[in-house]
Amino acid sequence: MNKIVFCLSMLFIAKICLSAFAGGNGMEGTPYQVSTLNDLQDVANYPNSFFVQINNIDATPTSGWNGGDGFVAIGTGTEPFSGNYNGDGYAINGLTIDRSSELTQGLFGYVTNGAISNIVLTSADVTGASYTGSLLGYGSNVTVTGCSCDGSVHGNVYTGTLIGYLGGVCEISMCCCSGNVTANEMSGGLIGFSQADVVVADCFSTADVITAQAPAIIGGLIGYSSSYIQNCYSTGNVTTTTNSGGLLGMSTGSVEACFWDLGTSGHATSADGIGLPTDEMKENATYLDAGWNSNNWRIDPEQIINDGYPFLSWQDPYGGETLPVTMSSFTATTTSMNYAQINWTTQSESDLVGYHILRGESNDLDLAQTITASIIPGTNTTTEARYEYVDRDVEMDATYFYWLQSVELDGGNELFGPVSVTIAEGEEQDDTPDVSFVTAFSSVYPNPFNPMTTISYSLTKDGMVSFTMFNLKGRKVGETTVHGHEGSNTLTWNAEDLPSGLYFIRMNTDGLQETRKVMLLK
């Protein structure tokens, strides 16, 4: 008996020692760190543990794994995954599963009493028999939060681009998908089949839903639902069958404030939800009037991000923390009539009422007074705006200091300056160089570019500056941190490894977070 116990103990120790994870011990406070593709596959061997992903993972080699069958799904019906996996926003690109005769296929095949969060699947290609989804095939008593997928999913019954089947008490929130799903029955853009004790909230699908079988129960968001669904929408094209719908194929549950696109879906009807024309689907008022939580959703006023449809706050390349005013210059000069002229230029404005100007005879803000009788209205535009104000109440041979105060809709304000000017006879003078006091993201040139462009920025003092690059879906494609010097600085970005398209560059430093759009054309 002692010998048997000893052998089993040695096997258990060996299993721990052979773990290839980058760190951690699988406990809640110190999860296993998933760094490589082999780490990801190894998750299946620790079904009750905690995991955190620490890198983007290239899963394209899985197309050649196991004789072409691809990745082995994490969790099975006999040994389900019951742990906690946090993708931490990192991508898993090119996951391939080709198992058309096997049930419960996906990155996670079978999950009970587990949690999955913050996983980003890109260019996934998943095929299973039934209970198939790129992220999760079969889930019972599971929580899925902040996950997204883009790719193709193929199955028979209970198939969704993100999740195939949900039962038990589940909560799916802040998730989305794009691409397409092809199945014969019970299939949906986001979820194939969803039972009564499931809550689906703040999710969307732009995936097309395709079936060759008629009639078939399919929907742009969910094929069959007896769940509670709130604040969701779908835009994908849905194959026309007897029990198909723009949002839901069949529904015996409850739906609140959910929409589908009448034009892109090809469907005028749905088992539940509200159908709207495309232009209304892209209006912020549609969702605010419906009571959607603005902390969870964003709409790009330029209708570039997510093609103008709402996207989730965690996808926001601006980080949801854009400044009300992005200032690029603020100057004070003397005019030919010996007045003081104040000029300022902004690169973007949002949620702004306008501006006041303060003046003092010393560099002491406490002694300054507001000289604008009424507020100067802001433009609230994402493009460059130029302003001018002339102060005629000045005296010769006197020096004045000016501050610019922005007034925001929520009552907040921000001060810029001071800049100074001395009123004197003679030529017009410019005593204050542009942006001499402003930390600013100046420009990106050339734009469009191929494959390199120069980022120009200025700092009021030496300090660390980080630049993060995002693609159109809000996924991080590059980042760097540099030590900038007081004054003007430049940085070159080489995007030779990226495809053509629209990208965002976000600059972060003390007191400033600002983003520029750039176009890569190859």
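Modeller: Buried means under 20% relative accessible area. Keep that in mind, as this is a predicted model.

Colleague: Fine. What share of the chain's residues is buried?

Modeller: Of the 522 residues in the chain, 52% are buried.

Colleague: What about contacts with a separation of 6 or more? What percentage comes from residues 24 or more positions apart?

Modeller: Such residues account for 67% of those contacts.

Colleague: Switching to charges. How many salt bridges does the model have?

Modeller: The count is 4 salt bridges.

Colleague: Which residue pairs with K282?

Modeller: D307 does, in a salt bridge with the closest N and O atoms 3.7 Å apart. K282 sits in the loop between α4 (278-281) and α5 (284-289). D307 sits in the loop between β32 (297-298) and β33 (311-312), so the bridge ties together parts that are 25 residues apart in sequence.

Colleague: Is K282 buried or exposed?

Modeller: K282 is buried, at 15% relative accessibility. D307 is partly exposed, with a relative accessible area of 48%.

Colleague: Next one. What is the N to O distance between R359 and D391?

Modeller: It is 2.7 Å, and the two side chains form a salt bridge. R359 is in strand β36 (residues 352-360) and D391 is in strand β39 (residues 385-391). The pair links distant parts of the chain, 32 residues apart.

Colleague: Are R359 and D391 buried or exposed?

Modeller: Both are buried. For R359 the relative accessibility is 18%, so it falls under the 20% cut-off.

Colleague: Which residue forms a salt bridge with D393?

Modeller: R359 again, with the closest N and O atoms 3.9 Å apart. D393 lies in the loop between β39 and β40 (399-408), while R359 is in strand β36, so this bridge ties together parts that are 34 residues apart in sequence.

Colleague: Is D393 buried or exposed?

Modeller: D393 is exposed, at 58% relative accessibility.

Colleague: What joins R359, D391 and D393?

Modeller: Salt bridges with shared partners join them into one network.

Colleague: Why can side chains like these pair at all?

Modeller: Because side chains of opposite charge can pair when their charged atoms come close.

Terms used: Residues numbered from 1 in each chain as written. Predicted model: local features only at pLDDT ≥ 70, side-chain atom pairs only at ≥ 80, totals over all residues. Heavy atoms only, no water. Helix = DSSP H or I, 4+ residues; strand = E, 2+ residues; numbered from the N terminus. Buried < 20%, exposed > 50% of the residue type's maximum accessible area, 1.4 Å probe, protein only. Contact = heavy atoms within 4.5 Å.
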